[in-house]
Amino acid sequence: PALEHPDLPFTLTESKAIIQFLGRKYNLYGSNLVEQALIDNIIYRMEDVRSAFTGIVYGSKNWEADKAA
């Protein structure tokens, strides 16, 4: 993904950076540090889920070793 925005002098190309920028820009990123930490936790947890899902969908190159683990 990529985001070009008039407030940015460059293009954001990382999904988490885009989510965080838009959340902060439109006041959707929590109203205090505790809420922001919870939102960050959700963002990074979802990245873990996505990574695991990608491994399931595309499979491992070393299936036999993964099967034994």
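Trainee: Which residues does Pro1 touch, not counting residues up to four places away in sequence?

Mentor: Pro1 touches Leu12, Thr13, Glu14, Ser15 and Ile18, where contact means heavy atoms within 4.5 Å. Before we go on, a word on the ground rules: this is a predicted model, in which local features need pLDDT of at least 70, side-chain atom pairs count only at pLDDT 80 or more, and totals for chains, interfaces and linings use all residues. Residues are numbered from 1 along each chain as its sequence is written, and side-chain values use heavy atoms, with hydrogens and water left out.

Trainee: What makes Pro1 exposed?

Mentor: Buried means under 20% relative accessible area, exposed means over 50%, and partly exposed lies in between (1.4 Å probe, protein chains only). Pro1 has a relative accessible area of 73%, so Pro1 is exposed. Pro1 sits in the segment before helix 1 (15-25), and helices here are DSSP runs of H or I with at least four residues, numbered from the N terminus.

Trainee: How far apart are Pro1 and Ile18 in sequence and in space?

Mentor: They are 17 residues apart in sequence and 8.5 Å apart in space, C-alpha to C-alpha.

Trainee: Which residues make up the largest nonpolar core?

Mentor: Leu3, Leu8, Leu12, Ile18 and Phe21, five residues in all. A nonpolar core is a set of buried Ala, Val, Leu, Ile, Met, Phe, Trp, Tyr and Cys residues joined through side-chain atoms within 4.5 Å. Leu12 touches Pro1, Ala2, Leu3, Ala17, Ile18 and Phe21, leaving aside residues up to four places away in sequence. In helix 1, Ile18, Gln20, Phe21 and Gly23 are buried, and what covers the buried residues of helix 1 includes helix 2.

Trainee: Why is the pair Asp7 and Lys25 called a salt bridge?

Mentor: A salt bridge is a side-chain nitrogen of Lys or Arg within 4 Å of a carboxyl oxygen of Asp or Glu. For Asp7 and Lys25 the closest N and O atoms are 2.4 Å apart, so the pair meets the rule. Asp7 lies in the segment before helix 1 and Lys25 in helix 1, so the pair ties together parts that are 18 residues apart in sequence. Asp7, at 45% relative accessibility, counts as partly exposed, and so does Lys25 at 35%.

Trainee: How many salt bridges does this rule give?

Mentor: The count comes to three. One of them joins the side chains of Glu47 and Lys16 at 3.8 Å, N to O. Because Glu47 lies in helix 2 and Lys16 in helix 1, that pair ties together parts that are 31 residues apart in sequence. The side chains of Arg50 and Glu47 also meet in a salt bridge, at 2.7 Å, N to O. Salt bridges that share partners join Lys16, Glu47 and Arg50 into one network.

Trainee: What separates Arg50 and Glu47 in helix 2?

Mentor: About one helical turn, because they are three residues apart in helix 2.

Trainee: How do you know that Leu38 is exposed?

Mentor: Its relative accessibility is 51%, so Leu38 counts as exposed. Leu38 belongs to helix 2 (residues 33-58).

Definitions and conventions
Helices (H or I, at least four residues) and strands (E, at least two) are DSSP runs, numbered from the N terminus.
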